[in-house]
Amino acid sequence: MASEIVNPSNDLADAGPDPAFALHRGGKMAVQATVPVRNRDDLSLAYTPGVARVCSAIAEQPELVHEYTWKSQVVAVVTDGSAVLGLGDIGPEASLPVMEGKAILFKQFGGVDAVPIALDCRDADEIVETVARLAPSFGGVNLEDISAPRCFEIERKLQERLDIPVFHDDQHGTAVVTLAALRNAALLGGRSLADLRVTISGAGAAGVAIAKILLGAGVGDVVVCDRRGIVSDDRTDLTDVKRELASLTNREGLSGSLADALDGADVFVGVSGGTVPEAAVAKMAPGAFIFAMANPDPEIHPEVAARYASVVATGRSDYPNQINNVLAFPGIFAGALAVRASRITEGMKLAAAEALAAVVADELSPSTVIPSPFDERVAPAVAKAVSAAARSEGVARA
């Protein structure tokens, strides 16, 4: 029964074997002090009266907040629960397990502290105002699982208003890892990014960001498809975001369905769900690359993809070449926070992708075009590249 799954207080759920409920009981994270409070002297330093001297110093020199508080080491993980994983609009409370999970991934993989914040509001301006008022406590904001197209507006307005990095991971984390994998697939196949035509299935947050970063990296052309087919200038049903996308992509002026976009394509990138017919896959160019990233069911099953592609990647951990955002966001934020960057630029994202690809550049094979999420080289390499890019682009302050 559904109630046995969604209600862990149900007797059957309590007695059941599902390890997920056992792991999540009580939550997955806690706040831990970094200084002891063992006696009166410790208390007088950690709290009053000692803390007053630090507060006064910060009031006189606001920049001291970065040295004497955790501000420059902590990220707010913010959602409204409107587009959570493959579950959709499940609301703020139901999103908390995912936000807690994101927070512990920040710590585990990037050494960055993070606080999950689930907001009970949907209006874009209300979200912006709320996060902006919370911002003095944080060194960065990671927007998570907010539905498109509001996510684009929220990120843009927050970054315009705040002087700390604002990063929508569903967009940019996915884009960085996808570009890194494509760089290595092209290198393995002896091909140039400029020679590739990429078809993207999905024109939501991830699809838009992937299209833009691929073009920024020099990919020859990108054709994006939504539920109604190819996003092209001749369509009259496009949102503002998709109209901009149409102006940047589809240089050959293709129109029609996803199958039409796949005809002769060198790369398929799936961030939409659904199933692509094998007959359409068969029309791709020889030696194609297929990145079918929908979870739990890829748009093209890996066994089908392997019949036509030289490199296959998915979003799943039980197949080679997992396109996993955890390869990107911990290192990106670690690098940005280390230099107190005011924002995360396109150059910083491109640098992250290049560094991520380089981690396995000497180990390339059809089953290894992207590192494992557990490769300990990843986050330090990405962080170093992001910090360097922030300095070169003039957004570093330390």
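What percentage of the 398 residues of the protein count as buried? The share is 51%, where buried means under 20% relative accessible area, exposed over 50% and partly exposed in between, with a 1.4 Å probe and protein chains only.

## Basis

This is a predicted model, in which local features need pLDDT of at least 70 and side-chain atom pairs count only at pLDDT 80 or more, while totals for chains, interfaces and linings use all residues. Residues are numbered from 1 along each chain as its sequence is written, and side-chain values use heavy atoms, with hydrogens and water left out.

## Overall fold

The protein has 18 helices and ten strands. Helices (H or I, at least four residues) and strands (E, at least two) are DSSP runs, numbered from the N terminus.

The C-alpha trace spans about 75 × 60 × 45 Å along its principal axes. Of the contacts between residues at least 6 apart in sequence, 65% join residues at least 24 apart; contact means heavy atoms within 4.5 Å.

## Aromatic pairs

A pair of aromatic rings is described by the distance of the centres and the angle of the planes. The structure holds four aromatic pairs. Rings of Phe, Tyr and Trp (its six-membered ring) pair if their centres lie within 6.5 Å; planes under 30 degrees apart count as stacked, over 60 as edge-to-face and the rest as tilted. One of the pairs joins phenylalanine 109 and phenylalanine 374, and is tilted, with 5.8 Å centre to centre and 55 degrees between the planes. Phenylalanine 109 belongs to helix 7 (residues 92–110) and phenylalanine 374 to the loop between helix 17 (346–359) and helix 18 (378–392), so this pair ties together parts 265 residues apart in sequence. Phenylalanine 374 is exposed, at 68% relative accessibility.

Phenylalanine 167 and phenylalanine 333 form an edge-to-face pair, with 5.7 Å centre to centre and 85 degrees between the planes. Because phenylalanine 167 lies in strand 4 (residues 166–168) and phenylalanine 333 in helix 16 (residues 329–338), the pair ties together parts that are 166 residues apart in sequence. Phenylalanine 167 is buried at 1% relative accessibility, and phenylalanine 333 is buried with a relative accessible area of 0%. Ring pairs also link Phe167 and Phe333 with Phe106 and Phe329 in a cluster.

## Cavity and pocket

The structure holds one cavity of 30 Å³ or more. On a 1 Å grid over the protein atoms alone, a cavity is a set of points where a 1.4 Å probe fits but cannot get out, and a pocket is an open set with protein on both sides within 12 Å along at least five of seven lines; lining residues have an atom within 4 Å of a point. Grid points are joined across faces, edges and corners, and a volume is the space filled by probe spheres set on the points. The largest cavity holds about 50 Å³ of space. Its lining consists of His66, Lys71, Ser72, Gly139, Ile164, Leu337, Arg340, Ala341 and Arg397, with three nonpolar, three polar and three charged residues. Ala, Val, Leu, Ile, Met, Phe, Trp, Tyr, Cys and Pro count as nonpolar, Asp, Glu, Lys and Arg as charged, and the others, Gly among them, as polar.

The second largest pocket has a volume of about 810 Å³. Of its 23 lining residues, Val31, Gln32, Ala33, Thr34 and Trp70 lie nearest its centre. Helix 4, helix 6 (65–68), helix 7 and strand 2 (113–118) each give two or more residues to this lining, which has 14 nonpolar, four polar and five charged residues.

## Backbone features

Two cis peptide bonds can be described. Alanine 148 and proline 149 are joined by one, with omega about 5 degrees; proline 149 sits in the loop between strand 3 (140–143) and helix 9 (150–161). The bond from asparagine 295 to proline 296 is also cis, with omega near 0 degrees, and proline 296 is in the loop between strand 9 (288–292) and helix 15 (302–305).

Asparagine 250, not a glycine, has a positive phi of about 55 degrees. Asparagine 250 lies in the loop between helix 12 (240–248) and helix 13 (258–262) and is buried at 8% relative accessibility. Arginine 340, one of the residues lining the largest cavity, has a positive phi near 50 degrees. Arginine 340 is in the loop between helix 16 and helix 17 and is buried, with a relative accessible area of 18%.
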